[in-house]
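This report describes how one protein model is built. Please keep the sequence and the structure in view while reading.

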Amino acid sequence: MRNRQAPRRGNRSAFGAKKQSSGFRRNGRVQSFNKKGPKKAYIDPKRFVKKAKPLQQTTYVSDNSYENLKVHQGLKNNLLQNGIKKPTKIQDQAIPHAMSGKDLVGLANTGTGKTMAFLIPTINKLLTNRAKKAIVIAPTRELAQQIQEEARRISKGLGIYDALLIGGVNIKPQLRDLSRNHHLVIGTPGRIMDHLERGSLQLHDSDIAVLDEVDRMLDMGFVNDIRSILSSTPDDRQSLFFSATMQPQIESLIGQFSSDPIKIQATTGNTSDNVEQDVQYYGHKDEKIDLLHDLLIGEGVGKTLIFCDTKRFSDRLSRDLRERGFKSDAIHGDKSQNQRKRALDKLKKDEISILVATDVAARGIDVDGITHVINYDTPGSYEDYTHRIGRTGRSNTTGFAITFVEK
C-alpha cells in the first residue's frame with residue numbers, strides 16, 4: 001500500500017510496528033476525539049494474545065463429486081461450470097439427508113461451505129417440484145445478499161425467482177418481487193416480519209425453511225421474530241438449521257420447530273485457531289493513528305478490517321487514512337444498504353484494501369483474502385471479539401488480529 005509520508009523510526013512493537021509518539025494530525029494540528037460508545041465488559045488483554053494453531057488436516061477429501069450427484073441436470077451443469085466439483089465436509093454430510101426431506105441440524109464454522117450445503121438441496125427441490133417454495137433466514141443484510149448471489153449463481157437460467165427482504169433499502173422493489181411468482185425468499189428477521197405484518201408476504205406454502213447462523217441471530221435478539229416467522233410456515237415443512245455452536249436456546253428452538261432432525265457435526269475447531277493474535281499498546285490516544293499507519297505498511301498486510309466503536313469515528317478514521325495515502329472506506333449502520341454493498345464490493349474487487357467498520361460488519365462479512373483484523377477500539381465483549389477476528393483466518397489460512405490496548 002502506498003503512503004504519503006514515510007513512518008518515523010522507533011521501537012518495534014506488535015507484528016513489526018514501530019511505536020510513535022506523534023499525534024493524530026489534520027492540517028498540522030493534533031486532533032483528539034471524545035467518543036461515546038456502548039458500555040464495555042472488561043477483557044483481560046492477555047486474552048487478545050494467542051498463537052495461531054492451524055489444524056493439521058487442511059483439506060477434506062470427499063469420495064463423492066457433484067458430477068455424480070443425483071440432482072436436476074441444469075443445477076448440476078451450473079455447479080460444474082462454476083468450478084464446484086467436490087463437496088466440502090458439511091456439504092458431503094448434509095446434502096444427502098436434506099435431499100431426502102429430513103429435518104437437519106448442521107454444526108459448521110463460517111467459511112466451510114455451509115451455504116451450498118443448504119442451497120443445493122433447496123434449489124433442487126424447487127426445480128423438481130415447481131409448487132414448492134422456500135425461505136432462508138440470515139442474521140445480517142450482507143449475509144442475506146451473499147446467499148442470494150450464490151443462489152442465483154447456481155440456478156442461473158433455470159427459472160428460479162427470488163425475493164431479497166432486507167432493511168436499509170427501498171421496500172417498493174421488495175413488494176414488486178413478492179407480488180410476482182417467486183420461489184425463494186431470502187431475508188433478515190426484522191424485514192421479513194415487516195412484510196408479514198403488512199400482509200405482503202405469505203408463508204403458508206413455504207415447504208422449506210432454512211435458518212443460517214442461528215447462534216448469531218439469537219445473539220442479536222431475533223428469537224421472538226424467528227418463532228413468529230416459523231409459526232407462519234406449514235407444520236409439515238422441512239427445517240434446516242445451521243449454526244457454529246449449539247446453545248440451550250438453540251436446542252429449544254430446534255425442538256419446537258423440527259421433527260427428529262438429523263444432527264451433523266462438521267466443525268473443525270474454532271475459527272480463531274487459525275488467527276495469530278496480539279496486542280498493540282499505546283500511551284495516549286493521539287499516538288494511535290501513527291501506530292496504525294505503521295501496522296498497515298507492514299510486510300504481508302493485505303485486505304484489512306479495522307473496527308471502531310462509533311459510526312462517526314469510523315468515517316473520520318477512514319477519511320484520515322485516505323489522506324495518508326491508503327485506499328479506505330467505511331461501513332456502519334447509518335450507511336444505506338447500497339453504500340454498504342458498494343464498500344464491500346470495492347474490498348472484494350481490490351479497489352480498496354482497508355474497510356473501517358463498527359460491529360455491524362463483524363456479523364456477515366465474507367470476503368476472501370482478509371489478512372488482518374485490527375481492533376482500533378477494544379470490543380464490547382469477548383464474544384464480539386471472536387466475531388470480529390473470525391473475518392480472517394478463513395478456509396484454513398492463517399490470519400492476524402491486533403488489538404489496541406491503552407497502557
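## Overall composition

The protein has 13 helices and 15 strands; helices (H or I, at least four residues) and strands (E, at least two) are DSSP runs, numbered from the N terminus. The model is a predicted one, in which local features need pLDDT of at least 70 and side-chain atom pairs count only at pLDDT 80 or more, while totals for chains, interfaces and linings use all residues. Residues are numbered from 1 along each chain as its sequence is written, and side-chain values use heavy atoms, with hydrogens and water left out.

Of the 407 residues in the protein, 54% are buried. Buried means under 20% relative accessible area, exposed over 50%, and partly exposed in between (1.4 Å probe, protein chains only). A contact requires heavy atoms within 4.5 Å. Among contacts between residues at least 6 apart in sequence, 76% join residues at least 24 apart.

Two strands count as paired if DSSP finds at least two bridges between them. Strand 3 (residues 104–107) and strand 9 are joined by 4 bridges in the parallel sense, and valine 105 stands opposite lysine 263 in strand 9.

Which strand is largely enclosed by the rest of the structure? It is strand 14, because 5 of its 6 residues are buried. Strand 14 runs parallel to strand 11, to which 5 bridges join it, and it also pairs in the parallel sense with strand 15 over 4 bridges. Valine 373 in strand 14 stands opposite leucine 305, and the bridge partner of valine 373 in strand 15 is alanine 401.

Strand 12 pairs in the parallel sense with strand 13 (residues 354–357) over 4 bridges. Isoleucine 354 lies in strand 13, where it stands opposite serine 328. Isoleucine 354 counts as buried, because its relative accessibility is 0%. Arginine 322 is 32 residues from isoleucine 354 in sequence and 9.6 Å from it in space, C-alpha to C-alpha.

In helix 13 (residues 382–389), the buried residues are Asp384, Tyr385, His387, Arg388 and Ile389. Their cover includes helix 7 (214–219), strand 10 (275–282), strand 11 (303–307), strand 14 (370–375) and strand 15 (399–406).

## Helix 4 against helix 12

Helix 4 (residues 141–154) packs with helix 12 at an angle of about 65°, and their axes are 11 Å apart. The contact involves Arg141, Glu142, Gln145, Gln146 and Glu149 of helix 4, together with Gln337, Arg340, Lys341, Leu344 and Lys348 of helix 12.

Glutamine 145 lies in helix 4 and is buried, because its relative accessible area is 10%. Its side chain makes a polar contact (3.0 Å) with the side chain of glutamine 337. A polar contact is a pair of N or O atoms within 3.5 Å; within protein, one must be able to donate a hydrogen and the other to accept it, and residues adjacent in sequence count only if both atoms are side-chain atoms. Not counting residues up to four places away in sequence, glutamine 145 touches Leu164, Ile166, Gln337 and Lys341.

Definitions and conventions: Axes are lines fitted to C-alpha atoms, for helices over the stretch in contact, and angles run from 0 to 180 degrees between N-to-C directions.
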